[in-house]
Structure formats: structure tokens, C-alpha cells
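Me: Hi! I'm new to reading protein structures. Could you walk me through this one?

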Amino acid sequence: MAGPMARGAPDGAPLLEVRGISKSMGGKLLLDDVSLSLSRGELKVLIGPSGGGKSTLLQCVHFLTIPDKGDVLLDGESAREMGKRNICLFRQEIGMIFQDFNLFDHLTARDNVAVALRRVKRLRKAEAHGRALAELERVGLGDKAGLYPAQLSGGQKQRVSIARALAMDPKVMLLDEPTSALDPELIGEVLNVIQSLYEGGMTMLMVTHQVGFARHITKEILFMEDGRITERGSPEDLLAEGSLSRAGAFCSKLSEVTGR
Amino acid sequence: MIDDFPQFLVSALYIVRGTGWTAALILGAMSLGLLVGMPLAALQVYGPKPLRAPLAAYVWFFRGVPILVLLYLVYFGLFTYAQGPFEGFSWARSAFSPFSASLVALGLTSGAYQSQIFRGAILSLPEGQYRAAMALGFTRFGAVTRIVLPQAARLSIPAWSNEYSILLKDSAIAYVLGTSEIMNRARSIAFLSNRILTFFLLAGILYLLLTWLGVRALRALERRLAIPGLGQGEA
């Protein structure tokens, strides 16, 4: 795992490379030749109107949805070339955080984190439980290990789901609007966890409408519309007062609504 | 024929002892149905597409053919042919008995119905949990058996207790093959003694008792397996 020192190091190959991904569903073109790359320790933010293809893009990067065209390379390894049988190995290396958490309702917080360690990574029970508790501590939920998802608040659920992803030692994390389903007062606790992951050197691609957070955490914003990345640039360039970018207009409209 | 009390008691006990056979029959049939129904449901939802039509055909067949016809088909059809190569083996007689024919016919039918119960339960689960499991690197099989089915099974228990009571009542038809269960015994005693009302009433009470016990046991199981914090305040 790269330390903070490795961040943005211009040492050649990117950690994650998305090459010309296209995807159609039901006769509608959802992604149209999308490419992007992430260096080790980098965080990029995807913004744009809903229906613009942001979630589909994350699903395709993860190969949870197989793109029609294009490929994803993680540390130089092609998802396409892994084939059907090994794609599970590829997925293990990418953590995914969903808007509505998708915790396993029948398992405690601890077992939500431990189940993939046991069944996918084949760790022994005690080892998996130990690791799960450590990850829950890391997101500040060590005392909630024995509770079931239905007994947790939205913010706590999302932190459990982050712990669950972290336990697999992912090289990259994809976050699909991690705070959109949360009550306003719970957003902060989740953003704090994401911030500390970033500071710890985690490579992340994040879809969010938290413009303020995006502005201070990322060096590059990707604006997505109609299945294409139409603008990319630093928050200063795209979101500056008086900027003519689509991203700027979109974000100021968001701020009008949310007051942030 | 039965005029004195001791003889009445012996006859009644003979019928009561049929309860064991009925219980064994439905427990066996429920289990066989579970074994058939659970994978059937999982495959219908998550399985490869070419498999779905034959699976649907299975369900269509067993839901459409009367249980009486199935009993005859299994016993006089399937078992007669299957028995051939094993003639002379001592175990063959009990393996291909009316009891096992009834168990197979009832179990396969119950499998068709149970698959529909599980299928409904699987489809009612939030799809995101399956995706989350896949995102963690689970195989399809792992995601279904570790994440989807344990929850679907819990959701199925209320409908399952319904299936239990239907199966219990269907099991009475097994008497036509000579399975030594409650109905068969009640029938022979009732007609022999000419106390038809008494003994069929006894049979009815025994079936009621079994229904009551089974439904209670399943409700206890439902409570025991309930997920804390989930579904509270719902029926």
C-alpha cells in the first residue's frame, strides 16, 4: 500500500486506467468512450447531473457491469484479459461504496466486514474477526461490532460499509455518492472517514454532490454528462466565480439548493 | 365388531400410531421439497438463462398434475422400472415401498411450490446486497449461498408454515398406495368396526394436532431467527 509520500508521484504508469469504455443498455448509450486514469494516492471527483452515467461508469470500472467496449487496467492488469473465471480476483482489489450502503442485513457489523475475509480470502475465523474489529475501530465503530445494520444510523452503516471494503485491502476505492442517502447531520462523520483515508494514501474515484468537500479535497474534477466526460480540470478552474464551465454552472445550482 | 372399551382403545391407539408415519412422511417430503425448491429458486433468479425454461417446466408440471395422479405415476411407473435392476436385494423392498413413493411424489410437488416461495423471497430482497457481495469478490455461487439464501430462508418461514399445513393434508391421499399413515389406518378401522364417525373424527383431530404443532414450531423458529432491529412492528 502506498504511503502519502507516493502521492501524485510522476513515476510512469497510473494505478488505475480506464480506456475507452462504452456501455449501452436497452438501446440507450449510457457511456460513450470514457477514459480516465488515477495515480497512486490520487482522488478524483466525478460530478454531473443524474442520468449522466456516473454510477454506470463506476459499475463498469469495477466490472460489476461488463462494458461493451474498452478495458480497465489496475496496476497494469487488464480486467478484460482476466476472463470470467478470474474477474472475482480483479473485483477483490477494488473497493466499492454504494449510495445506499448495501450492508448484509442478516449479519452483525463485525460479520459484515468479516464475511468476505472468510469466504473470499479464506482467512480463519479468529483472524477474520480480529481484522474486522480493527477495521471497525478505524472508522470509529469498534463499540458497534455486535449490532445489526437495522440497529445502526445511516452514517454508521456507511462507515461499516467502508470498513467492509477496506478489510479486503483494495488498491482503489470507488465511492458512488456515499453521503447522498444520509441525513444532513450524518454527512460529516462519513466525509471525515473519507478524508482520513485520502490522507492515508488511498486512491479513490468519488461521485459526489458535496461541492464544498470536493473543492478542498481533490485536484481534478471530472464533469460527466450524457455518458461522456465533457470537462476536466482543477476545482479552481472549473468552479471559480464567473467560470463559464458547465461544471461551474451545475455546482452553483447545487449550492443554491443545498446552501453549501 | 368393537363393542368393548379395551378393544376400542386398541383400535384408537392403532390409528394414533399412524401419526408417526404421517409425521415422517411430511418431514421427509418437506425436506426433499426444500432440497429441490431452494436451488430451483436460486437458479431461476440467478442461474444461466438456458436453464430457466426447463426449471419453469418442472414447476409447471408439478403444480398442474393432481397429487393422486403423481402418486400412481411414481409408484406404478417410476418405481416399477427403477426397481428392476435391484430385484432380490433385501433393501429394495423398503426402498421402493409405498411410503417412499408417497414421500417422493409429495416431496417433488412440494419442491415446485417451495421454489415459488423462495423465489418470491429472493426477489423481495434488496438487489444491492447481491451487488455488494459481487463487489467484494464473491463468486455468483458464494453471493447466493452466503448472502441471498440465508435471508430468503428467513423471509420464507411464514409461507413455509402454510406449505406445511397444505402438505400435511395432501399426505392423507397417500393411503391409496397403502402407506400406513393416519388416514389409511382410520379408514380400515372405521369400515371394519362400522364406527365410521368416531374414527374419522379421531383422524381429523390428529391432523389438527399436527398442524397446530408444526405451525407453532415454525413460528418459534421464525422468532428465533429474526434479525434484531429488522421488521419490528410488522406482522
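Me: What do the buried residues of α6(A) pack against?
Reply: Good place to start, and keep in mind that this is a predicted model. The buried residues of α6(A) pack against β3, α5 (154–166), β7 (172–176), β8 (203–207) and α7 (211–217) of chain A.

Me: Ok, and which residues in α6(A) are buried?
Reply: They are Val190(A), Val193(A), Ile194(A), Leu197(A) and Tyr198(A). Looking down the axis of α6(A), you'd find its buried residues within an arc of 140 degrees, so they line one face of the helix.

Me: Why would residues a few places apart end up pointing the same way?
Reply: An α-helix has 3.6 residues a turn, so residues three or four places apart point the same way.

Me: Which exposed residues are on the face turned away from the buried side of α6(A)?
Reply: That face carries Glu185(A) and Glu199(A).

Me: How far apart are the end C-alpha atoms of α6?
Reply: They are 24 Å apart. Helix α6 of chain A has 16 residues (184–199), and at 1.5 Å a residue it should span 22 Å, which agrees.

Me: What comes just after α6(A)?
Reply: Gly201(A) is found there, with a positive phi of about 100 degrees.

Me: Which residues other than glycine have a positive phi?
Reply: Asp33(A) is one of them, with phi near 55 degrees. Arg122(A) is another example, with phi near 60 degrees. For background, most residues other than glycine have a negative phi.

Me: Where do those two sit?
Reply: Asp33(A) is in strand β2 (residues 28–38) of chain A, and Arg122(A) is in the loop between α3 (109–119) and α4 (125–138) of chain A. Arg122(A) is exposed, having 8 other C-beta atoms within 10 Å. Asp33(A) counts as partly exposed because it has 14 C-beta neighbours inside 10 Å.

Me: Switching to sheets: what order do the strands of the six-stranded one take?
Reply: This open sheet runs β6-β7-β8-β3-β9-β10 in chain A, with mixed pairing. At its edges stand β6 (94–97) and β10 (228–233), each with a single partner strand, so one side of each has no neighbour in the sheet. From one strand to the next, the twist averages 20 degrees.

Me: In what sense do β3 and β9 pair, parallel or antiparallel?
Reply: Strand β3 (residues 43–47) and strand β9 (residues 220–225) of chain A pair in the parallel sense, over four bridges. Ile47(A) stands opposite Phe223(A) in β9(A).

Me: Last one: how many residues of chain A are in contact with chain B?
Reply: 21 residues of chain A are in contact with 20 residues of chain B. On the chain A side, the largest share, four residues, comes from α2(A). The residues of that side divide into twelve nonpolar, five polar and four charged.

Terms used: Residues numbered from 1 in each chain as written. Chains lettered and ligands numbered in written order. Predicted model: local features only at pLDDT ≥ 70, side-chain atom pairs only at ≥ 80, totals over all residues. Buried ≥ 20, exposed ≤ 12 C-beta atoms within 10 Å, placed from the backbone. Pairing = 2+ DSSP bridges. Axes fitted to C-alpha atoms, helices over the stretch in contact; angles between N-to-C directions. Contact = placed C-beta atoms within 7 Å. Nonpolar A, V, L, I, M, F, W, Y, C, P; charged D, E, K, R; others polar. Expected span 1.5 Å × (residues − 1). Arc of directions from axis to C-beta.
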